[in-house]
Structures are given as structure tokens and as C-alpha cells.
Amino acid sequence: MTIYAKTIFFIIIFLIYSLTYIFERNNSTRAIQKILITSLIIMMIAVIIAPSFFVFGSANLLGVGRGPDAVLYLYIIVSLAINFILFRKIAEAESRITKLTKWIALNINNKNSNDFLN
Amino acid sequence: MLTLGKKINLNSFDQFLILIPAYNEEENIKKVIDSISIFFKNILIIDDGSSDKTLDIILKSKFTCLRHPINLGQGAALGTGLDFFIKHTNFKYIATFDADGQHSVDDLLEMVLEIKSDKDISCIVGSRFLLKSTQKNIPFIRRYILILARFYENIFYSSKFTDAHNGLRVLKRDIVEKCLMNIENFDMAHATEISYKISKSKFKFKEYPININYKNVNSQTILNSINIIFKNIFSNKK
């Protein structure tokens, strides 16, 4: 793997991290995520249809040398992206559950809470 | 009433709300409530989804109880208590007190008297590291983990506290309203978040030497500090 390819590899990971973590999740970031996932699916189908062209072509382009190595690097990038996206989604779900639980505690599940009202 | 060698007018404590977050503390909660209720009549207990008899014991007491239907963590329980405090404007101060029986009511009283006498102070936090006598009571490994945690928080969170994770705090309404609403860390990492928010605020705060009773086996484990560090590193919440 050439130094350029390694740099591209780390930039991709950094970009995925940025997309899922640093930017607020809004419709635009969700759309970008969908574009990335769709591109990935198209790539996977393309690899199955014409492995020599896509796997070895992309391997040569990145300077990886061997097709299976390119697949390995792609797998690392994709699994990291999925991890980050899932981690973010779980954190968001936890936050929503906490808000709901606190609301229930303050408004329904309470005893004597009105005793303190002015 | 005469306590701590001082004559205290208990009516002056009406402005204080004592917040006790509790989770599976059936062995200690009654003792804690009874000891606080001698001096304070406004006690709020948050049952954080306990699966033992903690809720039944709390419900038998005359004090206010809010219940989380599921366990979320001490940070969330404190958050619920602070929301309640903000809604009820008749209280000027809120004190947080652990349900595991580690804190002493004498320390709480001292801190309450201190914040009442010093009008400039908005927050007093207990510390085990201000006196050698209280430091000696901390178990050996826990002491050094707490010192490491303090350095970590001083460097990465600009925390100015000597005790990284102390749950005994007395807070004025202004600091709660402006700095401590919306605690984002639900678990024990909330202590770091609170230290960080107080340290970066413009409000004056001080630490008060307190003693911790380590006889209780239900207290936080040392290994949980690893969880807290990882949570702080990999979470973007502050």
C-alpha cells in the first residue's frame, strides 16, 4: 500500500467519523449516509458481476497491489462506519428514553410531589 | 436545636431541598432518610428503577418520591431532581446526598451552614482530599485512582476540584438554572460533567472537607472508573 493510498484510507475513516459524530444529525447528513450506503451496495453488486475489473482495478488505483487486500481495507472502512452510525443511533435512542423516563417520573410516577408547590 | 456544638434554627432549612438519588438501596435508604429528616423537612428521593424493596421503603416514608420506570443511572436521577427543583421556586438551595449511606449528615449540615453564611458562594462540593485525616480513610487503591482521575479531569476538563467524584454538593438556584440543567451523562460520568460545568462557570464555588464511610459494599466499584474514563473519551457530551 503506497503512502498516498494509506493517506486516502485514513482520510476516509476520518470523514466517516466526522459525518456520524461531529455534525449534528439532520436531513442532510442522513441523505449523505444514504448516498454512501447506496454507493456501497452498487459497488458490491458491481464487484460480484465483474470482480476482475472492479476489485483489481480499484486495487491498482489505490496502489494496494492485490484485490483481496483492497476488499479487506474496504471491509475495515465499512465496518467502522457501521459501528459509528450504530453507536450514534444508540446514544440518540438512550437520550430519548431518558427524556421520556424523566417526564414520567415528574408527571406520573410521583408521590407527594404537589406538597411543595407554592 | 443544638448540633455540631452550634445552636441551629431548623426553620432556616426550609429553603433547602435535599435530593437523594437511590437505586437498589433497600439496606441503607431508611437509615439515610431518617438521619436527614431530623434536620430537614424537604427531602426528595428519586427511585431510579430499583428492582429490590427500595421503592416500598421510600413510599412508607412521608417524603416526596419520583420514580423512574427503568434504571437510567445516577446522572439521570440527579437530572430529574434538578428539574423538580427548578419547577418548585420556593427552594433557594438544593443538596445532593448519596443513598448508600456513605455521606454524613454532619458534613451536610456544615456545608449548608457555610453556604448560608457566605453569600458570594453559589456551590459547595465535598472533598475527601482537603484534610489528611479524611484522606487516610480512603482505601489505598481507590485513593490513587481518585488522584489519577483528578489529574485527568484537571488536564482535559479544566476541573478545579480536588475530589473528582464526590456526590455531596450544596447548590444555589442560580448555578443550577444557568449551568446544571440538562445533565447529558446519565451514568456515573455525570460527576465529571458537573465538575466541568461548575469549573467553567463564572459562579464562585468552594470545597469543604468531608469524610466518607466506606463500610457499605453496594458502593461504586473501582473498576467503574475505567468505564467513566472510556465514556468521557468516546462521548462528545460535555
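Mentor: Let us begin with a definition: two strands pair if DSSP finds at least two bridges between them, where strands (E, at least two residues) and helices (H or I, at least four) are DSSP runs numbered from the N terminus. This is a predicted model, in which local features need pLDDT of at least 70 and side-chain atom pairs count only at pLDDT 80 or more, while totals for chains, interfaces and linings use all residues. Residues are numbered from 1 along each chain as its sequence is written, and chains are lettered from A and ligands numbered from 1 in the order in which they are written.

Trainee: What makes strand 1 of chain A and strand 5 of chain B a pair?

Mentor: DSSP must find at least two bridges, and strand 1 (residues 110–111) of chain A and strand 5 of chain B have 2, so they pair, in the antiparallel sense. Within this pairing, A:Asn110 has B:Leu66 as its bridge partner. Strand 5 of chain B is also joined by 4 bridges to strand 4 (residues 43–47) of chain B, and these two run parallel, with B:Leu44 standing opposite B:Thr64.

Trainee: Which strands are called the edges of the sheet, and why?

Mentor: The open sheet has 8 strands in the order 1(A)-5(B)-4(B)-3(B)-6(B)-8(B)-7(B)-9(B), and its pairing is mixed. Strand 1 of chain A and strand 9 (204–209) of chain B are the edge strands, as each pairs on one side only. Helix 7 (residues 173–180) of chain B packs on this sheet, where it touches strand 6 (93–96), strand 7 and strand 8 of chain B.

Trainee: How do you know which way the residues of strand 5 of chain B point?

Mentor: In a regular strand the side chains alternate between the two faces of the sheet. In strand 5 (residues 64–67) of chain B, B:Thr64 and B:Leu66 point one way, B:Cys65 and B:Arg67 point the other way, and all are buried.

Trainee: Why is B:Leu168 called buried?

Mentor: A residue is buried if 20 or more other C-beta atoms, placed from the backbone, lie within 10 Å of its own, exposed if 12 or fewer do, and partly exposed in between. B:Leu168 has 23 such neighbours, so it counts as buried, although its place is in the loop between helix 6 (140–157) and strand 8 (169–172) of chain B. Leaving aside residues up to four places away in sequence, B:Leu168 touches B:Thr96, B:Phe97, B:His103, B:Asp107, B:Leu108, B:Gly126 and B:Ile210, a contact meaning C-beta atoms within 7 Å.

Trainee: Why is helix 3 of chain B said to be largely enclosed?

Mentor: Of its 14 residues, 11 are buried, so helix 3 of chain B is largely enclosed by the rest of the structure; among them are B:Gln74, B:Gly75 and B:Phe85. Helix 3 (residues 74–87) reaches 20 Å from its first C-alpha to its last, close to the 20 Å expected at 1.5 Å a residue, a span counted over one less than its number of residues.

Trainee: How do you know where confidence in chain A is lowest?

Mentor: pLDDT is the predictor's confidence in each residue, from 0 to 100, and its mean in chain A is lowest in helix 1 (residues 3–22), at 67, and highest in helix 4 (residues 67–107), at 82. Over chain A the mean is 74, and 70% of the residues reach 70 or more. Where pLDDT is low, the predicted coordinates should not be read in detail.

Note on methods:
Contact = placed C-beta atoms within 7 Å. Axes fitted to C-alpha atoms, helices over the stretch in contact; angles between N-to-C directions.
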